[in-house]
Each structure stands twice: as structure tokens, then as C-alpha cells.
Amino acid sequence: MATFNEVISRVKSEIQEIGVDETHARLDAAKGDAAKAPVIVDVRERDEYEQGFIGGAEWIPRGFLELKIEDVAPERDRPVILYCAGGVRSALAARSLVEMGYSDVSSMAGGFRAWKNKGLAFDRPRVLSPEQLKRYSRHIMLPEVGEEGQGKLLDAKVLFLGAGGLGSPSALYLAAAGVGTIGIVDDDVVDESNLQRQVIHNRERLGMPKAESARKTLQLLNSDVNVITHETRLDSSNIMEILSQYDMVVDGADNFPTRYLLNDAALKLGKPVVHASIFRFEGQVTTFLPDEGPCYRCLYPEPPPAGMAPSCQEAGVLGVLPGMIGTIQANEALKLILGVGKSLSGRFLVIDALGTNYRQLKLRKDPKCVVCSKPREEIELIDYEAFCSVDL
Amino acid sequence: MATVRIPPPLRKYTGGAEDVEVQGGTVRELLDALEGAHPGIKERICDDSGAVRRFVNVFVADEDIRFLDELDTAVSDKDEVSIIPAIAGGR
């Protein structure tokens, strides 16, 4: 028989304890070197964590520690620092990690209370409501998303050009995923011929502005989402003001003038664009990241003249194709918001729905690009004349 | 014979064919052979001076010929050549 005090003093003599100052110094020294940084784990319960935590800490309540530690520290020789409120639970937790084979485990003596009493900086988590925890549980289970990632999604602001074939699936999925602010630019109204593929609308919405119809659908799907409608056509007089309210753009426009205007304005404002276009059975999709990768004009320096390029309704499109391409755009946007995975920047996917195959082509930043080689402030917006080719 | 992937907007020139096999050691020779087999198609890819139009890209395997030797880019028999025009549709 051993009392609790006997057990805890024995455990503390067997494990390594470090003070608040040393913890702070070690975290500070490893800044900018994520590979060498110690993993700091907060083992407290939810209500304690919500009151504040050490910046950069992973939150794994004591009861889940052994189950989840490998998600955040797969290598057994990675330094791990554990803390709780006062240093008792983290000491017991440290012994358990030593048993699992972790070779450099420390428990922070005094816990978060001592950290706070020293006046050291701490963060407060974004607190998800019980409803949100349930709604987004399949995201929160993923270590790549978690509550922190879900918070990023809820804070994100994404603009959709067009609530049409591409905008329908991409906006539906991003709203479902909890992207907190969705803007929709569309000056068209819902027509019966749209319903073959524009799944965000329905028969009750015939004649309604598409932006408004999309807003209704998205808010029925997820009340966390604030949908802002822009019932207008983008031109050089309004694009900067609209774009500047958002973090990124999902481009599902249906014409060349808008696509070129968007490219130039997005470069000027430093906003990523998830680009896609569709034609009959084929789709093209890529991501343009300002400064880092190629832009639309690196690929196609100038729009085609009228009669040289197909566009518009006369071309026809297989109903499911925008669904296939639009969901790839949604995936790109989610990855950009979460900062995970590998974006399509520098890669151009060409998807053929008839053969069900795709080609991946390399896109390069053109050092002589007529727009992205210029300093941002020198980029001038151009309103190309709208045309619609019927020569197919 | 290299395989040229014809994009949907230009398939009216190839009788609907998605892939066309043509002979040629460079992209220029391939496009000339393509024109010989399917008259009218080259004008949609190249301008009057013979250069590839600014809203069309030609890839040999996965590389854009603008970053290789343009129309003089060598093509081997096992290469797939893709013609990728800008398309604007999103609806």
C-alpha cells in the first residue's frame, strides 16, 4: 500500500522535471526550427485548456495521451515536454511515455499555473460550441485538421466567382466544411437549363438571382456560414474592393475577360486563386499562388480573340463534369486554409471525363510574364471586351 | 509515330478523334503532319507567322515547349504531345 503522496514523490524522483524558465528557454531556442523543437503537450481537460494554453502546445487530455501521442511525436527520441495545471498529472503522464519508450520526456514543474504566474505569454483557443464539436467531429478527429484547423476554416473568407457549374459543388462542400464567410459573385438568374448540373439551385428558385439562391442553400446546409452576395459583374471598377474582403478566390467564371481581370487583380492584392474551367467532357484545374508560383498569364499570356475560343452555352457540358472539377477546387481551397498537403501550384490537371483519365502537366513561372513579373503596384487592370464564341 | 492529344474544341478537325498518331522529329514537323492529315487545324494552334498562339500551349510529355526549344523541341516516338487551349467555361 502506498499513499498518493508516496506514489507521486516516487514518480517525480524517477522522471525528469524541468522548470517554467527552462521550458520557456527551450521553446524559444527552437523557434523557426520545427524539426528540432520539443513537442509540448498540454494534458489538461477541456475546460482548463479553454482558459488558456502555452502557444504551440498540442492539446491531448491525460486520458488520451497514450492513444494520441504518436500522432504528434512519432519518433521516440523526439524531446517531449508535458504540462498540466500544477505538475502532478504531467509527472504521471511522463512516466507513462517513458514506459512507451520515449527517451527525452520532461514534466514542467508547477504547470500552467506557474507559467502564468511568471507573466509568460499564453494563447486562448478558439472555443467551438457543443453543436460545432458534433457537426465537425469528423474533421476534429483528423490530426491534420483538429479543433485548431476547424477554427481556421470558421475564420476563412472565400470568394466564389459564379454560382454555376463549378461554384455549386465547391461552395456546397466549403460551406459544409464550415468555411465561415463565403462570398458569391453572380449577376445571373436561375434558369431551368442550369439544373442539369448547378446543384446548389432547385426548381423552386427558377428566376431567382443565383447569388441569392446559393445563399439560401448554403445557409440551410450550415448556419455557421455567413454568405455575402455580390449581384454584379466584375470589372476594373469593383473587383479590388470586392476581392480585398476575402482570403482567396475559387474561380468558376464563364468568360475570359473575368478570368484575366481576376488574375491581375489577385496578383495586385496577393490573393491565391483556385482556377478551373470546363468544356464538354474536359476540365482544367490548377492553383495560382501569388509570388510563389506561375499565374494564369504565365500559362496563357493573352485571351483569345472572339471566334478563336469556345465558351458559353453552345459548347455543352456533361452534367457531372463540373462536380468532378469543382470538388477538386474545394479540396484545394481547404488545403490552403488549413496549410496542409501539397497544392496544385505549378501543376495543371487536365481531366477527361469520357476516358476517365487525367494528365498532369508542369506549369512554370514565366520570368517574362507580362503581369506577374511586374511589381504589384505597377499592375494595371484591363477590361477586355466580352464576347461569346459560337463557332464550335 | 508520336501521339498528339487533340483538345475537345479542335476535335471537329479530326473527325472527333481524341488521339492522332503523326510522324515527326520536332513539334513543328508534328504540327505540319497534323495539318496534312487534318486540314485547317494548324491555323487554330499557330498564328500567321507560324508561332504558337498565345492562348494555346503545347506540351511534350509534361513539359511546356515554351520552356524547352519552342517548335524545335524534339519529339520521340513514345512521347505524348498535348495541345492545351485556354477554355473559359465554368457554368
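**Note on the A–B interface and the chain A sheets**

1. Six salt bridges cross the interface of chain A and chain B under the rule used here, namely a side-chain nitrogen of Lys or Arg within 4 Å of a carboxyl oxygen of Asp or Glu. One pair is A:Glu302 with B:Arg54, whose closest N and O atoms are 3.4 Å apart.

2. A word on the basis. This is a predicted model, in which local features need pLDDT of at least 70 and side-chain atom pairs count only at pLDDT 80 or more, while totals for chains, interfaces and linings use all residues. Residues are numbered from 1 along each chain as its sequence is written, chains are lettered from A and ligands numbered from 1 in the order written, and side-chain values use heavy atoms, without hydrogens and water.

3. Polar contacts also cross the interface of chain A and chain B: 16 residue pairs, both residues at pLDDT 80 or more. A polar contact is a pair of N or O atoms within 3.5 Å; within protein, one must be able to donate a hydrogen and the other to accept it, and residues adjacent in sequence count only if both atoms are side-chain atoms.

4. Several elements of chain A each supply at least two residues to the side that touches chain B, among them helix H13 (256-269), strand S10 (273-279) and strand S13 (357-362). Helices (H or I, at least four residues) and strands (E, at least two) are DSSP runs, numbered from the N terminus. By class, that side of chain A has 24 nonpolar, nine polar and 15 charged residues. Nonpolar means Ala, Val, Leu, Ile, Met, Phe, Trp, Tyr, Cys and Pro; charged means Asp, Glu, Lys and Arg; the others, Gly among them, are polar.

5. Contact (heavy atoms within 4.5 Å) takes in 48 residues from chain A and 29 residues from chain B. The two chains bury about 3,400 Å² between them, 52% of it on carbon and sulfur atoms. Buried area is the accessible area (1.4 Å probe) that two parts lose on being put together, summed over both. A:Tyr300, A:Met308 and A:Arg359 supply 19% of the area that chain A buries against chain B, more than any other three residues.

6. Chain A has an open, mixed sheet of eight strands, ordered S8-S7-S6-S9-S10-S11-S12-S13. Strands pair if DSSP finds at least two bridges between them. The edge strands are S8 (226-230) and S13 of chain A. S11(A) and S12(A) run antiparallel, joined by four bridges. A:Gln284 has A:Val350 in S12(A) as its bridge partner.

7. A five-strand open sheet of chain A has the order S1-S5-S4-S2-S3, with parallel pairing. Its edge strands are S1 (16-18) and S3 (58-59) of chain A. Two bridges join S2 (residues 39-42) of chain A to S3(A). A:Asp42 has A:Trp59 in S3(A) as its bridge partner.
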